[in-house]
Amino acid sequence: MSEGAYQRLWESSHVTLQELLDQEQPLLEPVPDRERQSFQYRLASLYLHYLGLLRRFNTVYDQMVQPQKRRLLRRLLDGVAGRVLELKDELVRADLCENPCLDRVLQDLKLTPADLEVPIPKYFLLEQSTAVRERRLILAEILSRLEPESSQKSFIGMHRTEAILLVQKAERARQGRLRATFMREIRRDEEQDRRIREDGWHKFSQCQAAITIQKVWKGYLQRKRTQQDRRTEMEFIGMVRMELEMQVQENKKKEQEKRKEKGKDEKKKKKKKGKEEKSKKGEVDAVLQVLPSKCIPMISAGHEEYLNTWKNRCESIHPSQNYDSETLREEKRKEVELEIRIQVDELMRQELRNLRLVVDKEEERPLRAPKKTPGKKSGKKKEKDLTPNRSVESLYEELVISGLLRKSESVALKDYVGETPPRMPAPSLWPGAKAPLSPTHWPRLACGWLPDCHSERVPLTQWLPIATGDFLYLGSALSLAKKLPMPSLFDIRQNVALYAVLRLGSPDIHAMAPLIRSILLVGPSGMGKKMLVKAVCTETGANLFDLSPDNLLGKYPGRNGAQMMVHIVFKVARLLQPSVIWIGNAEKNFYKRIPKEDREMDPKRIKKDLTKALRLLTPGDRVMLIGTTSRPQLADIRGLCRVYERILFMPRPDYASRYVFWKRMIEARGVQPTQHLDISALAKVSDGYTPGHILQAIQSVLSERRFLQLSKRPLVASEFLGQLAKLDPVYREEEESLKDWYFKTPLGKKSMKHRMDQLEAEEAKLAKEKKKRK
């Protein structure tokens, strides 16, 4: 695209921005709870439009050359990104779910799943590239000093024949050890049999064993007959009836007591309902309302500057795209006026004080001492610095040496489940397509078939390579059917981009967006939780601190040691922000009961200090705590939810996501799938397996030797089945237990309660309709 094309894109973006600003004011008005769906729809529509605007501003800012336009674009880009995060927070609050279903809004707006992709501005890394490079050099230097001298020595190569002989010797020695162990067990069994024969002990014969079993069985039958005879005798005497009558009388008393208790409870409930109805009548029926935005004033100011300065400016005057001297003079003139205004105001105040003194002397009034305004005490307590005399460099080196600050691997966020295609393909690209496909056909496409308007029905396996494979197309349909849709892996990637990457990447966005200090990723092992943590560090250039309980064993012992460790980590994280503090196996910090094998590490020793340090983080501190866990049921849910503000649930992948995993991971190994490899069958068979399992199976099958044989013997699906059989999948019971735990969290409880209220309301409506019909 040329410079003129980006200029036209900028102009059209401001037209869209003006329309969005006009829609902001109606959102501030309160909405009754009965209009929740329409309110959610308006929020989702506004969110998608702002997300598209963010994508366009990001493209224009990346390619615009004129410096004054770039400064304005940067402010608009940060403001729109902050507004996107605010609307995401409002969507979660209205939908009571971390993954609101937007498929219906996408269909109505004629958008595709690619329009949901959160763009990550490139200036996140460009602006701090120098600082990131310096930190990496310092980290590499410290790690090189820690390596032992033996590892730095170069190893002498070995001939192939010598290597084969060495391997043969090692294998023969291993087989010899196994044979010796086997013979030792045989000799031990023979020795035991010999001792038994010498001591006179003998085993039961077949007849003796049968007699013993008969004795036990006959005794059991006789005891049963005796009980039955005793019961018939008691019935004949009449004692059983008396016992039955006594039991009936006792049951009647218990039922009467239960009825009394139920009556008391019903009276209490009626009183509470009456009070609630009175309070509801007195109050305004307005439950849903958008909070005032911190970003709208900044966006409006930038839009006005564009209208006043750049909208009607002839761009042919500045073909070199250099700075505009006239605009620069006006900006500097305003700054000088402000400085002079401050000085003039101070001089006027001094002159007013002198006049008051003169008047007081003439009228002989007593001189008044100036009032001292008492200093306001801040509500928050400041953290006491436990290392006032230590430099940041020394603390940084100490954390690296102790293993609390680690080098993060370079992982892009788009590598999680792969990239989403840029746009939907043309109708001619869809197999069997005879007519254009509209977004209204997506739910049926997701079910595996092309629409009925096509003359030919094509199964899902033929068009899945074109589709995204990881977007939840049926979220709204499931919600209408009163089924809770689980988040797709696409939703997880989007939430990580919104909650972590955008906030940590820019200080201005972090200051404007709703404050989120901690995230917890919950899901089975192998779902890529650690990969997402590394991706956040890669996309933002953040430092990675590791406070996992397993990593803290033997470090900073004692109560004061734990306090000092947490203090140093958070201090360095704030001074060298952005920073990510990762805690693997986060449930161990909040164990209900510490297992015997974990008592030595004392996993709960940083619990209190961690909570205090998190509370001290402010909107200016680009520090985020990210926890990962696969067993949250072992933790105290209150403590865990008190520390982690957002909980993102990661279920095992569905069929479409598994298809994408198999295809992308095989291609990443340098192998192009052929007709002999049925990826659809692999995706079906691997139900219950995580991306980690799939990667292990691919790595074990596609060895160097197998890679060389591909030209003669193509890959087939059956080769992977043996490797999958060796791995333990995620069973439905395990996933259901994770879901049950998630619905015990604060947001999960609200969501379940809201859905139960909806079901009760619908049942009441149906009951009323039945009465009317009767």
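Which residues point one way from strand 6 and which the other way, and are they buried or exposed? Arg646 and Leu648 point one way, Ile647 and Phe649 the other way, and all are buried (under 20% relative accessible area; exposed is over 50% and partly exposed in between, with a 1.4 Å probe and protein chains only). The notes below set this strand in its surroundings.

1. Basis of the model. This is a predicted model, in which local features need pLDDT of at least 70 and side-chain atom pairs count only at pLDDT 80 or more, while totals for chains, interfaces and linings use all residues. Residues are numbered from 1 along each chain as its sequence is written, and side-chain values use heavy atoms, with hydrogens and water left out.

2. Confidence. The mean pLDDT of the protein chain is 80, and 79% of its residues reach 70 or more; pLDDT is the predictor's confidence in each residue, from 0 to 100. Over residues 149-153 the pLDDT stays under 50, and the model has two contacts there beyond four places in sequence (contact means heavy atoms within 4.5 Å). The stretch 278-286 is also below 50 in pLDDT, with six contacts in the model beyond near neighbours in sequence. Where pLDDT is low, the predicted coordinates should not be read in detail.

3. Overall content. The protein chain has 29 helices and six strands; these are DSSP runs, with helices being H or I of at least four residues and strands E of at least two, numbered from the N terminus. Buried residues make up 39% of the 774 residues in the protein chain. Of the contacts between residues at least 6 apart in sequence, 82% join residues at least 24 apart.

4. Six strands form an open sheet in the order 1-3-4-5-2-6, with mixed pairing (two strands pair if DSSP finds at least two bridges between them). Strand 1 (405-406) and strand 6 (646-649) are at the edges with a single partner strand each, so one side of each has no neighbour in the sheet.

5. Strand 4. Six of the six residues of strand 4 (residues 579-584) are buried, so this strand is largely enclosed by the rest of the structure. Ser579, Ile581 and Ile583 lie on one side, and Val580, Trp582 and Gly584 on the other. In a regular strand the side chains alternate between the two faces of the sheet.

6. Partners of strand 4. Strand 3 (residues 543-546) pairs with strand 4 in the parallel sense over four bridges, and phenylalanine 545 stands opposite isoleucine 581. The chain passes from strand 3 through helix 20 (residues 559-575) to strand 4 in a right-handed β-α-β crossover (with the strands pointing away from the viewer, the path from the first strand over the helix to the second runs clockwise). Strand 4 and strand 5 run parallel and are joined by six bridges, with glycine 627 as the bridge partner of isoleucine 583. The crossover from strand 4 to strand 5, through helix 21 (residues 607-615), is right-handed.

7. Strands 2, 5 and 6. Strand 2 (residues 518-522) runs parallel to strand 5 (residues 623-629), and five bridges join them; leucine 521 has threonine 628 as its bridge partner. Strand 2 also pairs with strand 6 in the parallel sense, over four bridges, and isoleucine 519 stands opposite arginine 646.

8. Cores. The largest nonpolar core has 104 residues, of which Trp10, Tyr47, Tyr50 and Trp662 touch the most other members (such a core is a set of buried Ala, Val, Leu, Ile, Met, Phe, Trp, Tyr and Cys residues joined through side-chain atoms within 4.5 Å). Helix 2 (residues 36-63) gives the largest share of this core, 13 residues. A second, separate core of 43 residues includes Val572, Ile606, Val623 and Leu738.

9. Backbone details. The peptide bond from glutamine 577 to proline 578 is cis, with omega near 5°, and proline 578 is found in the loop between helix 20 and strand 4. Asparagine 585 has a positive phi of about 50° although it is not a glycine; this residue lies in the loop between strand 4 and helix 21 and counts as partly exposed at 29% relative accessibility. Leucine 96, with phi near 55°, counts as buried at 14% relative accessibility.
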